[in-house]
Structure formats: C-alpha cells, structure tokens
Amino acid sequence: MPRRKLGANGPAVSAIGLGCMGMSDFYGEADEQRSIGTIHRALDVGINFLDTADIYGPFTNERLVGRAIRDRRDDVVLATKFGNVRSPDGAFLGVNGKPEYVRQACDASLQRLGVDTIDVYYQHRVDPQTPIEETVGAMADLVTAGKVRYLGLSEAAPATIRRAHAVHPIVALQTEYSLWTRDPEEGVLDMCRQLRIAFVAYSPLGRGFLTGRFRSPNDLAPDDWRRNNPRFQGENFQKNLDLVARVEAIAKRKGCTPAQLAIAWLLSRGDDIVPIPGSTRPERVEENAAAVGIGLSRDEMDELDSVGAIVAGQRYTEGGMRAVNR
C-alpha cells in the first residue's frame, strides 16, 4: 500500500483510508464484531488512515474504533471530527465552533477513543456564527497541549480554508468527491493545492451507489439514511442507474470492479488526494485496497470524467446543502 502525505508537514498515510461511519450509523443495522474485524483487516493490508467522528452513532463509533485499535495504536493515523452537535437520542442540534466547545468535544473524543492524542482533528462543519479564526485558534491550543497532532477542516469554502490556514497549518481538507460529486473542482481543490493541503475524499463510491449494488430504493434498509438522499429517490435514482451502467461497462473492460474503478479515478486525480471509502466487511476492504494497482489511460480518464455530467439530484437535502462550502 503506497503512502501519501497530508499537507506540507503532516503525516504519511495510506493512499486509501477507511471511513468508519457506516459501522455505527446511517446505513442500517450495525455488526460491531464484524466491523472490528474489518478495521483489523484494513490494517493488515496496509490501510492505516482511519476516519471517525463524535456524532457517528452518536458517540458510539469512536468507542468502536478505540476498541479495534487498542493493541495497534502505533499502526494507525487516527482522524476524528467535531462541530456537528447531536443529542444522545440522535437528534441534530446544529453546528458549534465556539472555542469552549472545541475543548470540550476534544476531551470527550479522547476519552471515547481511549487514546492520549488524536492524529488529525477536523472541524466537521464550519460554524457561521463563530469566526473561523476563533475555532482554529482553539484547535491550535489543542496541538500545543499535546492532545492533537494535526488540524483539518471538512466542507469548508476556499476563503474559509485560507483564513484557517493563516491561523495554524491545515494538513487536510475533507469533502465529498467522487465520479458523481465534482463540486471540489470549483475552487476548493485549487485552494488546497495553493496552500499544500491534502484533499481527503469522503464518499468516493457515491455512498455505495457507484458500486452497482443498488438497483431499487427498496434495496436500502428501512432505516437507511440514504432513503432521504435526493440522488436515491424517484426519478433521480433511475437516472443515476444510467451513470452506474457506464461505470460498470468501463470496469468490465478494465477487468476490475466498479468500486475499484471509482477509487482508481480519484487516485489518478493527484497524489494529494486520499479517498476514504467506507466499508463494514473485510472483503470489501480488500477489494478497495486493490484499486491502488489500477492505472488509467488519458482516454479512460476522459471517458470517466464525462460520467459526472449525467448525475441527477443534489448530494444532500436543501438543509444539508446549506451546511457545506461555508
């Protein structure tokens, strides 16, 4: 598994990371023991970059990840996030970037993870009521205190990224990026490259849609969050199956799976991009990891680039879209 560097002075991480959200929340029933086995398998195949957040569960995913890495902490670059606020019953309560909340959230995450230090600490969403300088200033204090090693942002706008980086170096910007979500190419990716900030691509498989696994909304569990996602609904779902068919056809010609092709496309966009596909099964981790060995020609890249033009629907509901690119 090759390594890619986070930022100018950040850690080296596996070229593909592991998103752990779906092990505890949003995508239907969870299986904790299988999830721990999935994390162990990821580490075994060289994937050392694990991504979680305090709200996943809520509050349970960090505990799961902490249990999984208890005896392998030195093998892991551990990332978690704060800023989205949820109550214990799962209700979303808004976004908080106030300095006192930053400190409180970090201490709580350290306790749940069972670690002394978080490797990469992200602000999950930008708080429009708190100047980014104040939030990042408090995050920088955590670095000084030895509780956090490196800082990141998630779903921040270019101007916000620049202002944050002026307070303390940002090593990674995490935002959704995939064959069917090309938003970062409209300024965010350029800003990251100007400032030498790595780009961590979450949902690189289109929340699983690009794998070809789903043929009908009924393939989703009744409590699966994706049922409320515009791209998984009605006419949008059916139109997006055309996109999947094109990806499947190219993958068949390449002799790989659609998931591997989607990840390989991202890896080929630049060595500063680190996809973090979510997985809950060891065999899927192995499949995703093999994407590092897939090369794409210029013609294949051009063909894949054209796929995003046919995507139907926004990537979040209206409320979710208001919370990104701030």
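This is a predicted model: local features need pLDDT of at least 70, side-chain atom pairs count only at pLDDT 80 or more; totals for chains, interfaces and linings use all residues.
Two helix pairs were examined. The axes of helix 2 (residues 60-68) and helix 3 (residues 99-113) come within 7 Å. They cross at roughly 45°. An angle of that size is neither roughly parallel (under 35 degrees) nor roughly perpendicular (65 to 115), and helix 2 and helix 3 are therefore oblique to each other. On the helix 2 side, the contact is made by Glu62, Arg63, Val65 and Gly66. Their partners in helix 3 are Ser109, Arg112 and Leu113. By class, this contact of helix 2 with helix 3 comprises three charged, two polar and two nonpolar residues.

Helix 4 (residues 132-144) packs against helix 5 (residues 158-167) at an angle of about 40°. Their axes lie 9 Å apart. This pair, helix 4 and helix 5, is therefore also oblique. The crossing is right-handed. Helix 4 contributes Ile132, Glu133, Val136 and Gly137. Helix 5 meets them with Thr160, Arg163, Ala164 and Val167. The contact of helix 4 with helix 5 holds four nonpolar, two polar and two charged residues. In an α-helix, residues three or four places apart point the same way, because there are 3.6 residues a turn.

A hairpin is formed by strand 6 and strand 7. Strand 6 spans residues 84-86 and strand 7 spans residues 92-95. The two strands pair in the antiparallel sense, over three bridges. Asn84 stands opposite Val95 of strand 7. Five residues separate the strands. Gly90, in the turn, has a positive phi of about 100°.

Thr175 belongs to strand 10 (residues 170-176). Its relative accessibility is 4%. The cut-off for burial is under 20%, so Thr175 counts as buried.

Helix 9 covers residues 282-289. Its buried residues are Val285, Glu287, Asn288 and Ala289. Several elements cover these buried residues of helix 9, among them strand 3 (18-19). Helix 1 (32-44) and helix 8 (258-267) are also included in that cover.

Note on methods. Residues are numbered from 1 along each chain as its sequence is written. Side-chain values use heavy atoms; hydrogens and water are left out. Buried means under 20% relative accessible area, exposed over 50%, partly exposed in between (1.4 Å probe, protein chains only). Helices (H or I, at least four residues) and strands (E, at least two) are DSSP runs, numbered from the N terminus. Contact means heavy atoms within 4.5 Å. Two strands pair if DSSP finds at least two bridges between them. Axes are lines fitted to C-alpha atoms, for helices over the stretch in contact, and angles run from 0 to 180 degrees between N-to-C directions. Angles under 35 degrees count as roughly parallel, over 145 as roughly antiparallel, 65 to 115 as roughly perpendicular and the rest as oblique. Ala, Val, Leu, Ile, Met, Phe, Trp, Tyr, Cys and Pro count as nonpolar, Asp, Glu, Lys and Arg as charged, and the others, Gly among them, as polar. A crossing is left-handed if the near helix is turned anticlockwise from the far one by less than a right angle, and right-handed if clockwise.
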